[in-house]
Amino acid sequence: MTIDCRQAELVAGALALGEASDSERQGYRKHLAGCPECVDVLGGEREIERAMEIVAQARDDERWEPVARVEPAARRGSFANVWRFAAACAAALVVAFIGVRAFYPTALQHTGTVSALAIHPSQRDERAVAVLGTTSTGHFPTNHAESLTVFPATSAATHAASFEVRIDKDGAPRSCTITKPSGNGELDRAICRAALRVAQKP
Amino acid sequence: MRHASRLPRVLGSMERTVAGTDRTVGADVRVDAMVREYQTKLARYLRRMVGDAEVALDLTQDVFFAAYRMLHADPQREVNASWLYRVATNGAISYLRRRKILRMLPLDRDVDGALGALRTGDWRIDERSAACADLQIALRRLPPEQASAVLLTSYAGYSSQEAAEILGTSADAVRQRVCRAMRVLRTVMAERTS
């Protein structure tokens, strides 16, 4: 088998991957014997093998375990802040609810369901993937996916929740209520934040 | 073929039934299975591609996010290992382009300096072995198309044909990219030993 310089490059790649046939290997040797340039640029079989050994060694030496889960203990210090924030949110919701009741008695309602998946992607934060589902009225997008930031870590299980967003007559979202909780308060709040954010978009 | 014995298939053939391909269950269950099966492999591949563990984890999440959105919208859609790696590769390449890392990185001849940069966080991978450091230095000098070719084949264990399907190119193009990557790797090794 006689090969030219371009084919020699492809055979060198095949040799590196252990995919070269015997005839390709023979052709490569024959080509290199008469082409000093390819000897220099592509290298002999032994050189290719040595380079591949580095890759194989690096793969065997790989010790990085991308376990992104953070132990709950690492976040305990922030629990007080979380509860303070939750209390403030609850108070704000009550005020908003009263406000909507008082000034917008004919408020429209958007309702929907959420299925959220927590996949623990990074050590810095825990984001859940949520899809805000079907709605009864208005322009609320169906199957709108949102990435939610949830503190503290939720389990890697799938959560589902239903929510209701109250919209005033100008189409602006006024409040969000969880009608079927997911079982995780933080996740519920994140879902409501996302639902309000989505409802605000034109 | 002697050499192939030292490169066992880590992931196995793409024809094999992979986690998350059962179309009778919901998108969340399928993605959950894929996360369990491929999170580590994809994150390691992406960490080599982008040179940053945190970015790799973010990009890994994006891959599963995309899978979830797709399966939620169309449960009949086929999402397999090849698809996950394709999305991961595209994500890594667009990240590298976005950050213009390729242009910012100096093509330094000084291996000690490059190793120093690795350890001081300029290139944020803590390398435990000379082989890992050599590979990472070579990868950062390579165009992402060549880096992904060498990682998918020699690191993730795909054949050139399987890698070609993932990268949307031909097996010959993959072999050519691997050959050119080997050239850079040989240069890095020569610099370390000289």
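Me: Angles under 35 degrees count as roughly parallel, over 145 as roughly antiparallel, 65 to 115 as roughly perpendicular, and the rest as oblique. What are α7(B) and α8(B) to each other by that rule?

Reply: This is a predicted model, in which local features need pLDDT of at least 70, side-chain atom pairs count only at pLDDT 80 or more, and totals for chains, interfaces and linings use all residues. Residues are numbered from 1 along each chain as its sequence is written, chains are lettered from A and ligands numbered from 1 in the order in which they are written, and side-chain values use heavy atoms, with hydrogens and water left out. As for your pair, helix α7 (residues 144-155) and helix α8 (residues 160-167) of chain B pack at an angle of about 135 degrees. α7(B) and α8(B) are therefore oblique to each other.

Me: What counts as a helix here?

Reply: Helices (H or I, at least four residues) and strands (E, at least two) are DSSP runs, numbered from the N terminus.

Me: How far apart are the axes of α7(B) and α8(B)?

Reply: Their axes are 9 Å apart. Axes are lines fitted to C-alpha atoms, for helices over the stretch in contact, and angles run from 0 to 180 degrees between N-to-C directions.

Me: Is the crossing of α7(B) and α8(B) right-handed or left-handed?

Reply: Right-handed. A crossing is right-handed if the near helix is turned clockwise from the far one by less than a right angle, and left-handed if anticlockwise.

Me: Which residues of α7(B) and α8(B) meet?

Reply: Ser148(B), Ala149(B), Leu152(B) and Thr153(B) of α7(B) meet Ser160(B), Ala163(B), Ile166(B) and Leu167(B) of α8(B); contact means heavy atoms within 4.5 Å. By class, this contact of α7(B) with α8(B) has five nonpolar, three polar and no charged residues. Ala, Val, Leu, Ile, Met, Phe, Trp, Tyr, Cys and Pro count as nonpolar, Asp, Glu, Lys and Arg as charged, and the others, Gly among them, as polar.

Me: OK, other pair. At what angle do α2(B) and α3(B) cross?

Reply: Helix α2 (residues 53-73) and helix α3 (residues 81-98) of chain B cross at roughly 130 degrees, and their axes come within 9 Å. That makes α2(B) oblique to α3(B), and their crossing is right-handed.

Me: What makes the contact between α2(B) and α3(B)?

Reply: On the α2(B) side the residues include Leu59(B), Phe64(B) and Met70(B), and on the α3(B) side they include Trp83(B), Gly91(B) and Tyr95(B). The residues of the contact of α2(B) with α3(B) divide into 13 nonpolar, one polar and no charged.

Me: What does Thr60(B) touch?

Reply: Leaving out residues up to four places away in sequence, Thr60(B) touches Gln39(B), Leu42(B), Ala43(B) and Leu46(B). Thr60(B) and Ala43(B) are 17 residues apart in sequence, and 5.7 Å apart from C-alpha to C-alpha.

Me: And chain B overall, how many helices and strands?

Reply: Chain B has nine helices and zero strands. Of its 194 residues, 60% count as buried. Chain B exposes about 8500 Å², with carbon and sulfur atoms supplying 49% of that; accessible areas come from the Shrake-Rupley method with a 1.4 Å probe, and for residues only the protein chains shown count as cover.

Me: Now chain A. What elements does chain A have?

Reply: Chain A has six helices and five strands. From the N terminus on, the order is α-α-α-α-α-β-β-β-β-β-α. Of the 202 residues of chain A, 47% count as buried.

Me: How do α1(A) and α2(A) pack?

Reply: Helix α1 (residues 5-16) and helix α2 (residues 22-34) of chain A pack at an angle of about 130 degrees, with their axes 10 Å apart. That makes α1(A) oblique to α2(A). α1(A) passes α2(A) in a left-handed crossing.

Me: Which residues of α1(A) and α2(A) meet?

Reply: Cys5(A), Ala8(A), Val11(A), Ala12(A) and Leu15(A) of α1(A) meet Glu24(A), Arg25(A), Tyr28(A) and His31(A) of α2(A). By class, the contact of α1(A) with α2(A) has six nonpolar, one polar and two charged residues.

Me: Last one. Where is Thr2(A)?

Reply: Thr2(A) is in the segment before α1 of chain A. Thr2(A) is exposed, at a relative accessible area of 66%. Neighbours within four places in sequence aside, Thr2(A) is in contact with Gln7(A) and Lys30(A).

Notes: Buried < 20%, exposed > 50% of the residue type's maximum accessible area, 1.4 Å probe, protein only.
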